[in-house]
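Dear colleague,

I am handing over the structure we spoke of, and I would be glad if you looked at it before reading my notes. The sequence and the coordinates come just below.

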Amino acid sequence: MKILHVADTHLGYSAYRKVTGAGINQREIDAYNAFKQFVDHAIKSKSDLIIHAGDLFDSVRPNNRAITFAIKQIIRLSKEKIPFIVIAGNHEHPKLKETGHIFSIFEHIDNVYPIYNAKYETLSFKINNEKIAVHALPQCELKSQFNDELKKIKPDPTVDYNIFVSHGALAGIKVFSMNEFNELIIPTNFLSNNFDYIALGHYHRFTKLANNAFYSGSTERFTFTDAPDKKGFIELELSNGKLKHTFNELKNRPMLDPKPIKCSNLKLDEVMKKIKETVSEVEPKEKTFRITLEDVPTHIYRGLDFDEIRKMSSEAIHYEIKANVVKGGEAKSGTTSKIDALANEFEQFIESQDLNEKETILELGISYIEKVEARDEGK
Ligand SMILES: [Mn+2]
C-alpha cells in the first residue's frame with residue numbers, strides 16, 4: 001500500500017510585504033501552492049492513505065482564505081476516497097479548550113479523520129486486504145497529559161501494519177526542537193521497531209531518525225534556517241512487511257542565504273562591491289534572500305548605499321540585510337562592544353540575565369526582531 005506522510009504545511013502563514021495582483025500576501029499563496037502540489041500528487045499517484053503529522057494551519061485562528069483553501073483541497077481528497085488523517089500540531093491547538101478547535105470543521109467530511117482531542121486515538125483501515133492501524137497522539141495543552149497518553153500507546157498485534165503519528169520534538173536532541181514554548185517532547189525510546197513506521201511532525205527539516213522513523217519536514221521554507229533545505233513529503237510503500245520510503249520534493253520559491261560577507265578589513269566601497277556581487281549572484285527576481293554582513297564597523301554600515309541595494313533587489317519577493325555592526329571599526333579583541341543590530345543588543349541582554357529558558361527566549365525574541373526589521377526594510 002502507498003501512504004503519504006506530510007506535515008507542517010502551515011496554511012494561513014504569511015510574511016513580508018509583497019502581495020499578488022489580487023492584493024493577497026505572496027508568501028501566503030506560496031504556502032497554499034505547496035499544499036496543492038501535494039494534493040495533486042496524492043490524487044495522481046492514487047495514494048491509499050495520507051497522514052498529516054500536524055501544523056496543517058499556521059495558527060489557532062486561521063483566516064477565512066486559509067480555511068476555505070484547506071476545505072477545498074481536503075474535499076478533493078475526500079471525493080477520491082483517500083483517507084486523510086490529520087493530527088493537531090502546536091500551531092493550531094488552542095491553549096484553552098473554550099476557544100474551540102479549528103479541526104472541528106473537518107468532522108463531517110467523509111474520509112477525513114481529524115485527531116485533536118488531546119488524547120491517544122487509534123484508527124484502523126483495510127487496504128488491499130491488508131490491515132493497518134494508525135496510532136495518533138496529537139498536541140495536548142499540558143506536557144503531563146501528553147506524557148500520560150504516550151504511556152498508553154501500544155501496537156496492535158492483530159493487524160499487518162502499525163503506524164505511530166505525533167507532533168513534537170524528539171527528546172534530548174536539541175537540533176529537533178523548534179524552540180517553541182508549547183512544543184512537546186517525544187522520548188527517544190519511541191524510536192523502536194514496535195512500529196512499522198513513525199510519522200513525525202514539528203521539526204521543519206526532512207530527517208531520517210531511524211529506518212522506520214522520519215520527520216517529513218515542512219512543505220515550504222518559512223525562515224532563513226530553511227534556506228538550504230529541500231521541502232516536500234514522504235511516500236511510503238508497505239508490502240510483505242517491508243518498508244520503502246521516497247522523499248518527494250515540491251517546487252517552492254527559492255530562498256537564498258549566501259555566505260556572510262566578512263567586513264572587518266574592508267573599506268566602504270569594497271563592502272558595497274561585495275554586496276552588489278552577492279545580489280547579482282542571487283538573481284533577485286521572484287526570490288527571497290538575505291545578505292549577512294559580519295563585523296561591519298558602524299561608520300561603514302551607515303555609509304552603505306541602501307537605495308542602490310533596494311534598486312538592485314526591486315524584483316525580489318523579499319530581501320533583508322542582517323548586519324552585525326561593530327563599534328569603532330577594528331574588532332581587535334573579544335571586548336568589542338556591539339551596537340545597532342537590535343538582535344545583538346537583545347542577545348547581550350539575555351546573556352546577562354538569570355533565566356531558565358534563555359535559548360528559547362533568545363530565539364523567540366530574535367525572530368520577533370527579525371520580523372519587525374524585515375517589515376521596515378521592505379520595499
Ligand atoms: Mn510547524
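What follows is a short account of what was found, from the overall form to single residues.

Please keep in mind throughout that this is a predicted model.

The overall form comes first. The protein has 379 residues, for which a compact globule would have a radius of gyration near 21 Å, and the value of 23 Å found for the protein agrees with that. Along its principal axes the C-alpha trace spans about 70 × 50 × 40 Å, and the secondary structure comes to eight helices and 18 strands. Buried residues make up 50% of the 379 residues, while the accessible surface comes to about 18,600 Å², of which 49% belongs to carbon and sulfur atoms. Among contacts between residues at least 6 apart in sequence, 67% join residues that are at least 24 apart.

D8 lies in the loop between β1 and α1, and its phi is near 50 degrees, a positive value in a residue other than glycine. With a relative accessible area of 0%, D8 counts as buried, because the cut-off for that word is under 20%.

H10 has its place in the loop between β1 (2-6) and α1 (26-44), and H10 is likewise buried, with a relative accessible area of 2%. The side chain of H10 makes a polar contact with the side chain of D58, at 2.8 Å.

The largest nonpolar core has 30 residues, of which I50, L56, F57, F84, F103 and F106 touch the most other members. At least two residues of this core come from each of β1, α1, α2 (64-79) and β3 (84-87), and α1 gives the most, with seven residues. I50, taken as one example, touches L4, V6, F38, A42, L77, I82, P83, F84 and I85, again not counting residues up to four places away in sequence. Apart from this core lies another, of 24 residues, among them I51, I115, L123 and I234.

N111 is found in the loop between β3 and β4 (112-115), and its phi is near 70 degrees, a positive value in a residue other than glycine; N111 is partly exposed, with a relative accessible area of 22%. S264 has its place in the loop between β16 (261-262) and α4 (268-282) and is also partly exposed, with a relative accessible area of 30%. S264 touches E294 and D295, not counting residues up to four places away in sequence, whereas S264 and K371, which are 107 residues apart in sequence, are 27 Å apart in space, C-alpha to C-alpha.

With kind regards

Conventions: Residues numbered from 1 in each chain as written. Predicted model: local features only at pLDDT ≥ 70, side-chain atom pairs only at ≥ 80, totals over all residues. Heavy atoms only, no water. Buried < 20%, exposed > 50% of the residue type's maximum accessible area, 1.4 Å probe, protein only. Helix = DSSP H or I, 4+ residues; strand = E, 2+ residues; numbered from the N terminus. Polar contact = N/O pair within 3.5 Å; in protein donor to acceptor, adjacent residues only side chain to side chain. Rg over C-alpha atoms; globule rule 2.2 N^0.38 Å. Contact = heavy atoms within 4.5 Å. Areas by Shrake-Rupley, 256 points an atom, 1.4 Å probe, with all protein chains shown as cover. Core = buried A, V, L, I, M, F, W, Y, C linked by side-chain atoms within 4.5 Å.
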